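Let's take a friendly walk through this structure together. Keep the 3D view open and turn it as you read.

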Amino acid sequence: MELKFLKRRWQKIVFKFVLIPVVIIFLLALVINQYWSPILANKVHDVVLNSSDGLYKVDFSDAELHVLEGKITLYNITLKPDTDVYNQKKKQHLAPNNLVELRVKKLMLLNVHPLGLYFRHKLNIGKIILNEPEVNISYQLNHTKDTVVKDHRTAWQKISKSLRSIHVGQILLNDVKFKYQDYSGNKVAISELKEMNLNATDLLIDSATQTDRSRLLYCKDIVTELNNYTGKTPSGLYTYKIKYLKLSTLTSKLYIEGMHLEPAKTGVFFNKSQHDRFGLNIDTLQLNHFDFLTYHKYRRLTATSLELNRGVLRVFSNPNGKKDPAVDKVNTFPHMMIRKVGTDLRIDTVRLRNFDIEYSELNKKSNKIGTITFNNTRGHFYNLTNDDEALAKNNITKVQLTTYFMNHGRLDVQFNFNVTDKNAAFTYKGTLGKMDLEVINPATMPLAMVKATSGTVKELNFDIQANSQVFKGKVNFLYNDLKVNIFKADTANDRLKKRSIISILANLFVIKHNNPDNPGEAARSANVVYPRPKDSPFFKTMWKALLEGIKPCVGFDDKKQKETKDRIEEHQKNKKDRLNKKAERKKRKAARKKEKELKDAKTKQQASTATTV
């Protein structure tokens with residue numbers, strides 16, 4: 001009996017203190033689940049409107065609260081700017097540079113802890129998930145610094161009267177569709193991204209993190225990943241592709257795999273453009289200590305270093321480019337190009353590893369394409385910037401490169417670019433090591449119609465001071481056993497034909513086969529003064545200046561060039577005279593032959609008449 005009594009007593013206790021509260025909580029959950037949506041909607045509207053100073057409005061079609069599960073779900077959320085408010089702020093010079101529009105089909109808040117919020121004043125959410133969000137951002141440079149008078153209190157100071165802390169374990173944006181419209185240039189640049197995911201971890205606002213500079217937007221890390229991105233330039237002549245991109249705010253690193261810039265096919269490109277044709281492939285790119293917020297707000301690209309690993313840069317000179325001596329191509333100089341970049345740029349160091357650089361050109365005389373290569377290029381760029389404040393402290397961009405010319409001769413070269421100089425001043429000096437001259441024939445045959453039959457470069461040194469007006473400096477070229485053949489175009493048979501006599505003259509009377517001529521003698525060197533034609537671009541002018549120094553070293557100085565020209569003209573004149581004499585002889589021979597034929601015919605006729613009589 002006592003056992004039955006205790007059992008009934010226990011059931012009453014369980015029912016009273018356990019089941020009844022559970023039922024009550026369940027009923028309250030049903031009521032809250034049914035009637036909370038309008039209250040939440042109004043609260044969300046007010047928060048967004050007030051926090052954006054009336055610029056943004058938010059709305060959603062439905063909301064669900066599952067108290068027992070600690071789950072909140074919102075459906076069909078839209079965040080839109082009020083264009084009237086934006087235009088008004090723009091007139092007041094208070095409008096932001098970026099305008100955002102957001103659409104989300106479904107937003108879930110998981111592992112919400114209402115008891116902790118009620119009793120301990122701590123908002124704790126395990127995870128927030130946004131499925132298939134669509135983000136549209138339009139950028140217009142309204143100002144370069146923050147113009148709004150800010151409330152300098154930290155976020156925690158603003159919430160501390162009602163909340164001790166806010167914590168979200170993870171925020172996930174899955175399958176983001178992102179559209180970016182840039183109105184800062186002459187034309188609107190539109191980029192659209194798909195296959196994009198965003199993961200923010202450990203969002204924490206409390207007394208300890210209110211001044212924590214290692215967090216971005218109070219998150220320990222925000223990771224953005226992008227896969228298989230493809231886009232086109234406004235001209236349609238280039239397609240750019242990125243296989244994989246990752247940006248981490250914890251490490252401040254932007255990492256890219258498989259970056260490609262692909263030009264249109266040769267015929268299509270040169271029919272539509274007067275510019276040279278570029279192609280670029282980069283295996284991996286990494287930007288370190290990248291200040292993403294500054295770039296997002298003001299288009300200032302700031303980083304400590306940029307690493308470029310394994311790639312190919314291809315340049316094809318436009319064969320249809322119109323030469324206009326009045327057009328100054330000084331803008332092809334690298335430091336002038338940096339000055340004109342639309343983005344404010346400031347990178348302390350650029351590291352280049354394992355790059356191949358190819359320059360190709362069509363020689364219309366030979367109708368052949370020649371290619372010059374610089375293989376396995378590596379080196380550093382220092383102080384790569386167009387930022388006025390940085391340039392006031394240091395206006396020199398230094399470049400140190402090591403490469404292999406035509407994949408054989410080691411070339412070490414250093415550049416110093418004066419980025420602020422009005423005349424685009426810079427210097428370049430370097431050394432080319434030992435190599436066989438035959439390896440350059442794939443370039444010299446189509447481009448210069450000259451073939452090295454023998455020869456070894458011992459060393460080429462150069463030190464040039466240059467600007468937009470003139471290139472000056474010194475060149476030393478040491479070599480042995482130099483011999484060449486000279487060709488001309490045989491267009492009928494689409495080949496190059498050897499000019500035997502000219503080749504003999506060049507090897508006998510023009511070219512000095514060794515420098516120095518004999519061991520122990522002083523080597524020939526050359527002082528270069530090369531006035532730059534206004535329509536001459538950067539790389540072409542560099543090569544022309546070096547060539548002006550190489551020619552005297554091989555014995556082809558101004559005096560020898562004049563002598564060679566006179567010899568060639570004399571040879572051509574003699575050849576013409578011989579051809580004229582040969583033609584006269586043929587003419588006289590044909591006349592004698594015709595006279596003889598007439599005489600024979602007359603004799604035959606006379607003989608026939610006599611026989612008849």
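Buried residues of H11 include Phe 538, Thr 541, Met 542, Ala 545, Leu 546, Gly 549, Ile 550, Lys 551 and Cys 553, where buried means under 20% relative accessible area, exposed means over 50%, and partly exposed lies in between (1.4 Å probe, protein chains only). An α-helix has 3.6 residues a turn, so residues three or four places apart point the same way. H11 has 16 residues and spans 24 Å from its first C-alpha to its last, close to the expected 22 Å; that expectation is 1.5 Å times one less than the number of residues. After H11 comes Gly 555, with a positive phi near 95°.

Before going on, a word on conventions. This is a predicted model, in which local features need pLDDT of at least 70 and side-chain atom pairs count only at pLDDT 80 or more, while totals for chains, interfaces and linings use all residues. Residues are numbered from 1 along each chain as its sequence is written, and side-chain values use heavy atoms, with hydrogens and water left out.

Now zoom out for a moment. The chain has 12 helices and 23 strands; helices (H or I, at least four residues) and strands (E, at least two) are DSSP runs numbered from the N terminus. Of the 613 residues in the chain, 36% are buried. Among contacts between residues at least 6 apart in sequence, 62% join residues at least 24 apart, a contact being heavy atoms within 4.5 Å.

The aromatic residues come next. A search of the whole structure finds 20 aromatic pairs. Rings of Phe, Tyr and Trp (its six-membered ring) pair if their centres lie within 6.5 Å; planes under 30 degrees apart count as stacked, over 60 as edge-to-face and the rest as tilted. One of the pairs is edge-to-face: Phe 333 and Phe 538, at 5.3 Å centre to centre with 65° between the planes. This pair links distant parts of the chain, 205 residues apart, with Phe 333 in the loop between strand E13 (300-316) and helix H7 (334-339) and Phe 538 in helix H11 (residues 538-553). Phe 333 counts as buried because its relative accessibility is 0%, and Phe 538 is buried with a relative accessible area of 2%. The pair of Tyr 428 and Phe 462 is tilted, because the planes stand at 55° with the ring centres 6.0 Å apart. Tyr 428 lies in strand E18 (residues 426-432) and Phe 462 in strand E20 (residues 450-466), so this pair ties together parts 34 residues apart in sequence. Both Tyr 428 and Phe 462 are buried. One aromatic cluster has among its members Phe 333, Phe 538, Tyr 428 and Phe 462, along with Phe 415 and Phe 417.

Which residues have the most contacts inside the largest nonpolar core? They are Phe 415, Phe 426, Tyr 428 and Phe 471, in a core of 105 residues. Such a core is a set of buried Ala, Val, Leu, Ile, Met, Phe, Trp, Tyr and Cys residues joined through side-chain atoms within 4.5 Å. Strand E7 (residues 165-182) gives the most to this core, with seven residues. Apart from it lies another core of six residues, including Leu 237, Tyr 238, Phe 270 and Phe 316.

Tyr 238 leads us to some strand pairing. Strand E10 (residues 238-248) and strand E11 (residues 253-263) pair in the antiparallel sense over 10 bridges; strands pair if DSSP finds at least two bridges between them. Tyr 238 stands opposite Pro 263 in E11. E10 and E11 form a hairpin with four residues between them, and Ser 252 in the turn has a positive phi of about 55°. E11 also pairs in the antiparallel sense with strand E12 (residues 277-288), over eight bridges.

The peptide bond from Asn 515 to Pro 516 is cis, with omega near 5°. Asp 175 has a positive phi of about 55° although it is not a glycine; this residue lies in strand E7 and is partly exposed, with a relative accessible area of 39%.
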